[in-house]
Amino acid sequence: MTICLRNKLLYFTLATAATMAGCTSVDDTLGADFIPSGQKMSSHTVTIELQDGITTSLGQMDSISTNNTGYIFIGSKTTPEFGQTKASAIIQTVPITYHTESYYGYQPVVDSVQLRLYINSYSGNTDAEQLFDIYEVVQDIKRDSAYYASYPLTNDDGPIVGDKLFSFTYKGKGDMHSRLDDPGMITQAGRDYLERLVAADGDEDIPNDSVFVKNFKGLYVVPRQQGDNALYKFQLAYYTNNFSSLVLYFHNHDEDYTGPVTEAGENNLDTLAMIYVLTDGVKYYPTSINKIERDYPAAMKLKIDSGDPVGTAYVEQLAGVYTNLTIQQALIDKIRELKVSEGPGKNLAIHNATVFLELADGYYTPGAMNASFDRLGMFQNYARMSKPIPDYNYQYETTSGSPLPYGGYLNRSDGGYYSMNITTTLQRLLKDPDNYQRSISVTPDVYSVFDMSDTFLKGTAGTGYKVKLKLTYSLIPEK
């Protein structure tokens, strides 16, 4: 009986509490009238659009490392905006395995050689056939060095590349399997190179990759002609099951065979293949180096060199042209006006600052957006790819696995735009406007520098376009 009474009392207590909670409204303004208006904190959101608040100009990357990217870039293309771009590459090759005895057997004869390159992406006119040449690298490539897009082909020791070995043609959008020994495509130096490869197999003095690349220093692949063609990005070994390689097909002979070694007959033992993988130091010892050469139109060179505001802003593929945003004094003054908008005696606390960059007119189409960068980064010194803005801490994002508030992604709705949270950057600028850097470089995302994309943005010069800055802030009474 006592237990039942307890249950009834408990039920009554809970029901009463629930009824009171459901019927009671909270008046959080209670006592607000007793606080003087000058001592209240207020929060606001405002979008600032000033013609001369943030201006756009152009810069050009000059010192970005292009070695050991896991890819090679070859080809050439021409565009009205960027003129001629030419990509060539040094790539080292190593046997897929090493043998204690020659895998090629007795009196081997090379029947053919094939270059296999597996496509990752492309940019330009893929219907135009291009002719490429392959040269032998004759100087050691130091694996622990940084190489840049402007890598020269000569140094104090002389030319880095030697004789031409092979040539091949390519067009289209698929993987490339090209024979290098067709008539007119292989030189005598190329035949000698293949014989040296055969002789090196099973050589006790060449037991591993590091020794192999001392004897076979690499291949240099370069387009022979320039024009309205395409740039291609090929993936190197072990990035997929299909890895880029040089494949030698050959036959050998029975040791009792006494006939000409160039003939195939009943005394042939095997027809075999030997694979030499094209790879770089991402996973193995060898190195790859991408060389990017540009010949900009005179008008583009002038815009880059002058640093003057531009009407169209760009973020170019393969570490080319990028956009500078400069925060002008007019914007700083406008933000300072917010501080006194409710009268004196207030501190301005910025909680969020987001800048919006819109796609240029004509580029809000599915095709143009697909060809644009999915994400853009921001640096305070991008020419040498150092010092990202504090909001764009991509290293923390990578190690933590947590996305940054920074954002930077392309929004494909509402006209197409990128939005970047620059709260910390703006806070630091407002704290020390005379010394803190006002120029921000808009770039590819650090992990998309070598994507085959180009982004065209609205610029501020002579267009009437105003870069939008959305602020969320509070006005707090001074103590």
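View 1. At 6% relative accessibility, Y170 counts as buried (under 20% relative accessible area; exposed is over 50% and partly exposed in between, with a 1.4 Å probe and protein chains only). This is a predicted model, in which local features need pLDDT of at least 70, side-chain atom pairs count only at pLDDT 80 or more, and totals for chains, interfaces and linings use all residues. Residues are numbered from 1 along each chain as its sequence is written, and side-chain values use heavy atoms, leaving out hydrogens and water. Y232 is buried too, with a relative accessible area of 0%.

**View 2. Neighbours of β12.** Strand β3 (residues 71-79) pairs with β12 in the antiparallel sense over 5 bridges; pairing takes at least two DSSP bridges between two strands. Strand β5 (residues 106-124) also runs antiparallel to β12, joined by 6 bridges. Look for Q235 in β12: Q235 is the bridge partner of Y71 and also of Y118.

**View 3. A lysine over a ring.** K233 lies over the face of Y71, at 4.3 Å from the ring centre (the rule asks for NZ of Lys or CZ of Arg within 6 Å of the ring centre and within 35 degrees of the ring normal).

Definitions and conventions. Helix = DSSP H or I, 4+ residues; strand = E, 2+ residues; numbered from the N terminus.
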